[in-house]
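I will jot down what I look up, one spot at a time.

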Amino acid sequence: MKRWQLITLIVLTLISLVSEFFVEHDPNHSSAWWSGIPFFWALFGFAGCIILIFFAKYILKTLVQRREDYYE
Amino acid sequence: MSSIIHPSLLMIAGAILLPLVPKFFRSAIFIITSLAGLIILWALPEGNYLTISFLGNNLILLKVDALSKIFAAIFAIITVMGGVYAYHLKDAVQQTSALIYSASAIGVTFAGDFITLFIFWELMAAASLVLIWSKKDKVSGKAGMRYLIVHLFGGSLLLAGIILHISETGSVLVEHLLSKSSVANWFIIAGFGLNAAIPPLNAWLPDAYPKATVTGAVFLSALTTKTAVYALARVFAGWEVLLILGTIMTVYGVIYAVLSNDIRELLSYHIISQVGYMVAGIGIGTMMGVNGSTAHAFSHILYKGLLFMGAGVLIHATGRSKLSELGGLAKFLPITLVLYLVGGFSISGLPLFNGFISKSMVVYAAGEIHNYIAVILMNLAMVGTFLSTTLKLPYLAWFNKEKPDAEIKLNPIPINMHIGMGLTAFLCVLFGVAPSLLYQYLPYQVNYEPYTGAHLVETAQILLLTFFAFWIFRKKLAAEPLISLDFDWFYRRPNNFTKRLLVDGVLSVFDKTDKVLMKGVNTLIYFGKNPTNTVAFFTMREQSATNLDYDPNISRPTTMLIISAILLVFVIIIAVVII
């Protein structure tokens, strides 16, 4: 990744984090357990991505992945 | 109402005509027919048309309302787009079956009764099978056979359900079914669910779609699962089991997609994931839920078609479909990359793309009924979707290496492939920027605004941080040449055992019997060929008179013995007569 690309992404991330305090929140989620946690969706995106990668690549892989000639 | 034309029948007529015209015009006929189908169905006023009497039931071939119309319209639109993408194709078999496939998908959506629905349902399975078999290699042949068997099974479930339903209620009409205690309804929902690839009835999809032809996969990705979504929305809206299964599907698909090596298998698992949103929305059953599912089916068909077109260009150009064998194509296929990314951004729900305006309706509907588990899992599926389709696949296919492997020879890309992708990408952006173009045609009135501050912030946070996590751990995502076992294990793995029991066992019995019989016959022949053998058998074990060149020394003793025996009998007879 080039430097300017990285900087753009970081700036965008900062904007999305800061603007959380200036927008009206989804009324449907006001009673949800995450509604009080700041930057919840950012943490969710980061952690969720890591969990998916590691769950798939380390746990599911040993369970379901086989050689390509498995069925032959 | 004799002036009403059934769009499916028109398209089937076009499909029959297509192989009869010269090669040069066939692709044009394909596009014109599907475009005509689109125009005709869009002009249809709401109501029931073309009713015929059959075995004492009134069949409604054409039942037009908002729900059926929007589904039929998107089926016709993707057929036009697929027609442009496949314009270079010189294969009347594929073109005809793609048209019939699309016509029958439209026929299902307009079917007012279960009998018409079932006929088009089965026609769809048969026509789609041709698109898999048209690849004409051994792998596709086998996968197509499995596809056929699974869909025949699904069709049987549906037919059993329909027959039970008719005998229970006496009604053939396709209408909202409520009774959860009726066995018929569970058969019907299972038949629909198989085509919607709801686990555990999902494995046929990632098994078959990656083995279809490049152009055929575009139609496959659009039609079968979404007709099932339509049927579920029509008949089973509000069934909670669909909410549960649909939510599981969203995550199920993305986890498998992380492991996928074949690009179209990866995209196939994302069909399962995306259809999960639609199934869940139908399970919620509120106006927002059904609207969301309908809108998402509409968006999904466009961007998934686009993604399959992009994958198809990669395969067409390189002759390879595995991420572990691709890479470094950025300089060689830049237009394909850009158009593919439009599809990727759409499926991931980036603002200004059409996934953003439809997927969020389903998530919003889940929030409305305060089902927060569903909200969390659907958002997790969004993370996984962005990760696999938009980050991992393009990264491993277009970047990752400086240039493609030396042994890859790039085939030229027909311009119409990129035009088809471009038109579809344009629609993805159009509906993303102007969602009201779609919202006004949804089955219920829409009170939903996708572009709110909260929604934008939430989406931006999720996707940006997903990107950073991907970038840090991208090496972990390296594709490996492995396959993933799915529920197809249950019918593919026992294949060897069943074969051993039912085929090999029987064959070995035949084989043994055959050997024993032949041995007996050979022995008889051995003795029959030359009667002296019979004597030789007892006197000279090693040598057979038959198998040697004539040697009087060998035959002499036995011949002497036989002649002596005859003379002896002769002497005895004479002696008896004289005495």
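**Entry 1: a loop residue**

Asn530(B) sits in the loop between helix 20 (494–529) and helix 21 (532–539) of chain B; helices are DSSP runs of H or I with at least four residues, strands are E runs of at least two, and both are numbered from the N terminus.

This is a predicted model, so I kept in mind that local features need pLDDT of at least 70 and side-chain atom pairs 80 or more, while totals for chains, interfaces and linings use all residues. Residues are numbered from 1 along each chain as its sequence is written, and chains are lettered from A and ligands numbered from 1 in the order written.

**Entry 2: helix 2 of chain B**

I looked up helix 2 (residues 23–43) of chain B and found 21 residues. Its buried residues include Arg26(B), Phe30(B) and Leu41(B). Among what covers them are helix 1 (7–17) and helix 3 (66–85) of chain B, with contact meaning C-beta atoms within 7 Å.

**Entry 3: where the chains meet**

I then turned to the contact, which takes 40 residues from chain A and 39 residues from chain B. Helix 2 of chain A gives the most to chain A's side, with 16 residues. I also noted 3 bridges joining strand 1 of chain A to strand 3 (residues 482–484) of chain B, running antiparallel; pairing needs at least two DSSP bridges. Arg67(A) has Leu482(B) as its bridge partner there.

How values were computed:
The expected span of a helix is 1.5 Å times one less than its number of residues. A residue is buried if 20 or more other C-beta atoms lie within 10 Å of its own, exposed if 12 or fewer, and partly exposed in between; C-beta atoms are placed from the backbone. Two residues are in contact if their C-beta atoms, placed from the backbone, lie within 7 Å.
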